[in-house]
Amino acid sequence: MEVAQETLTAPAAKEAVELSGSQALLDALIIEGVDTIFGYPGGAIMPIYDALYDYKEKLNHILVRHEQGGIHAGQGYARTSGKVGVVFATSGPGATNLVTGLADAQIDSTPLVCITGQVFAHLLGTDAFQETDVINITTPVTKWNYQVTDANEIPEVIAKAFYIAKSGRPGPVLIDITKNAQIQKFDYKGYTKCDHIRSYRPKPIVRPQYIKEAAELINSAKKPFIIWGQGVILGSAEQEFKTFVEKSGIPAAWTILGAGAIPTDHPQNVGMLGMHGNYGPNVLTNECDVLIAIGMRFDDRVTGRLDKYAKQAKVIHLDIDPAEIDKNVKSTVPVWGDCKETLPLLTALVEQKEHTDWLKLFNEYTQKEYDAVIHEELNPSTAEMTMGEVIKQLNQLTKGDAVIVTDVGQHQMVACRYANLNKSRSNVTSGGLGTMGFALPAAIGAKFGAQQRDVIAIIGDGGFQMTLQELGTIMQTGVEVKIIILNNRFLGMVRQWQELFNERRYSFVDIQSPDFVAVAAAYGIKGKMIDDRKDLQAALKEMMEHKGSFLLEVMVTKENNVFPMVPQGCSVSEIRLK
Amino acid sequence: MSNQETDKQEFNITVYTENQIGLLNRIAIIFTRRKINIDSLNTSPSEIESIHRFNIVITESEDVVRKLCRQIEKQVEVLKVYYHTNEDVIWQEMALYKVSTDVIAEKVSVERLLRENGARVVTLRKDYTVFETTGHREETDNLISILQPYGLIEFVRSARVAIIKDSEGFNSKLRDFERLEPGEDVIENEYLNKGEKVFSM
């Protein structure tokens with residue numbers, strides 16, 4: 001076995017070697033540069049796990065506690081490393097447990113390759129034990145999926161899977177492999193990476209005339225405004241983006257997934273867009289004359305009411321996915337293409353400018369927001385702690401260098417609003433799907449993807465209880481994740497809506513929690529609970545300095561709201577400060 | 001909303017795809033998740049080996065159809081999508097009608113029936129006869145109403161097939177999709193310095 005392993009991991013062996021489907025799969029993963037797999041074994045994927053036993057030195061397999069945890073970890077890994085996350089699960093319940101993560105990865109464009117085991121090919125369609133029609137279940141939530149029933153297909157299919165997952169607009173791919181194909185021996189003739197599929201065009205052709213038109217619009221604009229999304233990060237175009245922003249002198253705001261592409265404290269970074277974004281960028285969206293959208297998809301949480309969104313502005317939309325152009329907001333000039341390629345072309349044609357007065361207007365709004373909301377959130381006058389002040393104290397310790405992983409809810413909005421991010425790939429959150437239970441497993445994956453960086457998971461008391469079994473994964477792997485639970489004893493965001501829009505009818509949002517510190521202790525993880533402001537700084541410091549994982553529970557004020565807020569069905573300029 | 005309703009008309013969507021299991025489902029989902037009904041769906045091999053052609057008919061506004069087409073084209077195994085109004089295509093549906101031979105022979109002037117409806121006989125047996133017509137919906141419907149009183153036993157109609165009037169077909173487009181493999185570099189004058197060794201007669 002040892003000898004065989006050496007030969008089979010040599011790329012593109014010319015001589016045919018007899019391998020099992022499982023061995024060919026693992027060989028393919030190694031050639032694709034995979035180092036970490038998140039997974040959970042079961043009957044229908046046992047041949048792959050059996051083969052994995054011989055690959056332990058080369059492929060680090062992380063045994064999670066639930067397949068949902070596995071796929072969120074894969075997402076966290078992909079988001080911090082920029083590589084493809086790889087997930088294993090068995091058939092039936094194993095595969096269906098991946099669905100939430102697939103949907104999350106699909107909407108947030110996260111590159112994943114998920115391998116699921118399937119019953120023997122001759123049992124397909126017979127309602128066999130642990131059989132589900134995984135291909136049909138996952139079709140709407142994958143970029144591509146494929147069922148392998150013969151081992152001979154494996155090398156080519158895996159090559160296609162990686163190519164599709166990471167190229168163009170990235171996304172999740174699922175490969176379902178029947179048990180017979182995993183066991184079957186076949187003549188393996190080596191592995192060739194895929195770089196072309198006839199029917200697949202990952203990057204649209206860049207059209208120079210549109211770049212020229214866009215530059216002319218920008219150069220003649222009095223109040224141009226840049227809004228950017230994750231496309232900048234996915235395209236590794238942070239530097240190209242920064243150059244464009246700085247040369248054009250245009251104020252720039254970000255969507256939640258775009259956070260960190262340029263540092264929080266960059267003078268032209270005017271804040272976050274959307275429902276709980278900053279006041280200035282939301283209001284001024286309806287005042288700019290040219291709106292330059294880069295790698296973002298005009299989600300309804302960003303635009304509010306579409307019929308009242310930036311109607312006065314000419315819109316330039318840069319996107320790699322042609323289906324995004326004109327999907328929600330009609331563009332005046334569409335710039336199809338990878339922004340790493342299109343931005344430098346645009347920058348070259350854009351005049352060097354400083355929009356001082358216009359930028360000042362954003363700063364005035366920031367001041368207004370600071371006086372009305374931010375000051376009190378970060379320096380509360382009440383005895384109880386706020387979520388914002390925890391993030392403020394944390395910023396002082398991390399200096400903006402940590403990876404911040406957030407779950408979904410009020411804490412997410414607060415963390416994304418107030419966390420300082422100096423580096424790209426520092427913000428891992430469930431943006432499009434809004435998956436509670438995302439943060440703990442995603443933080444585990446994020447740490448494996450960025451082992452030199454501090455990874456801090458910020459989670460609400462509700463979301464934490466959705467996937468807290470992954471504390472077991474931390475225990476077993478010894479991965480170092482700092483967990484901050486911001487506990488307001490409510491499902492806070494739902495409660496906020498009920499307060500504002502449902503006359504305080506607090507229907508089933510009052511959530512009881514266990515002693516989180518004791519739960520962590522049961523998993524051998526050090527923890528601490530604080531409910532007094534005077535302990536906050538020391539507790540955060542203790543957490544950061546502790547070698548290993550640490551759970552810090554902070555009791556925060558119960559009925560605090562995240563403001564500003566664009567109420568659903570309102571225009572972005574109707575954003576409420578209170 | 002009412003404006004959108006009035007903007008609706010029949011659109012013919014033409015999709016060129018790889019021949020791949022499950023792709024029909026992937027394409028159908030794009031319609032069903034938006035709660036759009038497919039009026040007619042035809043899929044068959046195209047004139048190009050291994051490439052299939054879908055004809056899909058829906059009643060929607062052009063804006064919606066354009067967005068749908070972009071979503072369809074986004075699928076990995078889809079090569080190209082076009083959409084056209086009925087004016088822009090030549091389209092046909094085929095219908096088969098099965099009736100009792102005795103009844104038809106006795107009560108109908110078959111010759112007139114065939115001539116007036118542009119029909120032809122596909123099969124003539126002692127017990128039943130199968131007619132075929134091809135045309136637009138009204139044309140194929142017409143023969144149903146004529147045959148119904150004489151005991152139409154069975155009727156079936158195909159989905160719509162449509163040819164785009166203003167199109168050069170897909171053959172030329174396909175060349176864009178096939179990667180142009182670079183040929184081997186031509187080495188110029190490779191043999192010149194070998195002089196007579198090579199060129200001696």
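## Basis of the model

Because the model is predicted, local features need pLDDT of at least 70 and side-chain atom pairs count only at pLDDT 80 or more, while totals for chains, interfaces and linings use all residues. Residues are numbered from 1 along each chain as its sequence is written, chains are lettered from A and ligands numbered from 1 in the order in which they are written, and side-chain values use heavy atoms, without hydrogens and water.

## Chain A as a whole

Chain A contains 24 helices and 20 strands; these are DSSP runs, with helices (H or I) of at least four residues and strands (E) of at least two, numbered from the N terminus. Its radius of gyration is 24 Å, close to the 25 Å from the globule rule for 578 residues, so chain A is as compact as a globular protein of that length. That radius is taken over C-alpha atoms, and the rule is 2.2 Å times the number of residues to the power 0.38. The C-alpha trace of chain A spans about 70 × 60 × 40 Å along its principal axes.

Of the 578 residues in chain A, 61% are buried. Buried means under 20% relative accessible area, exposed over 50%, and partly exposed in between, using a 1.4 Å probe and protein chains only. Among contacts in chain A with a separation of 6 or more, 77% are between residues 24 or more positions apart; a contact means heavy atoms within 4.5 Å. The accessible surface of chain A is about 21,800 Å², and carbon and sulfur atoms hold 52% of that surface. Areas come from the Shrake-Rupley method with a 1.4 Å probe, and for residues only the protein chains shown count as cover.

## Helix H2 of chain A

Helix H2 (residues 21-31) is largely enclosed by the rest of the structure, because ten of its eleven residues are buried. The buried residues of H2(A) include A:Gly21, A:Leu25, A:Asp27 and A:Ile31. Just after H2(A), A:Gly33 has a positive phi of about 85 degrees.

A:Gln68 sits in helix H4 (residues 67-81) of chain A and is buried, at 15% relative accessibility. Apart from residues up to four places away in sequence, A:Gln68 touches A:Asn97, A:Thr100, A:Thr435, A:Met436 and A:Thr467. A:Thr467 is 399 residues from A:Gln68 along the chain, yet their C-alpha atoms are separated by 8.2 Å.

A:Gly260 is in the loop between strand S10 (252-254) and strand S11 (269-272) of chain A. A:Gly260 counts as buried, at 7% relative accessibility. Beyond neighbours within four places in sequence, its contacts are A:Leu421, A:Lys423 and A:Ser424.

## Backbone details

A:Asp127 has a positive phi of about 55 degrees although it is not a glycine. A:Asp127 lies in the loop between strand S5 (112-118) and helix H7 (134-138) of chain A, and is exposed at 72% relative accessible area. A:Lys399 also has a positive phi, near 55 degrees. This lysine is in the loop between helix H17 (387-398) and strand S15 (403-406) and is exposed, at 58% relative accessibility.

A:Phe563 and A:Pro564 are joined by a cis peptide bond with omega about 0 degrees. A:Pro564 belongs to the segment after strand S20 (550-555) of chain A.

## Chain B

Chain B has eight helices and nine strands, and 37% of its 201 residues are buried. The accessible surface of chain B is about 12,700 Å², of which 49% belongs to carbon and sulfur atoms.
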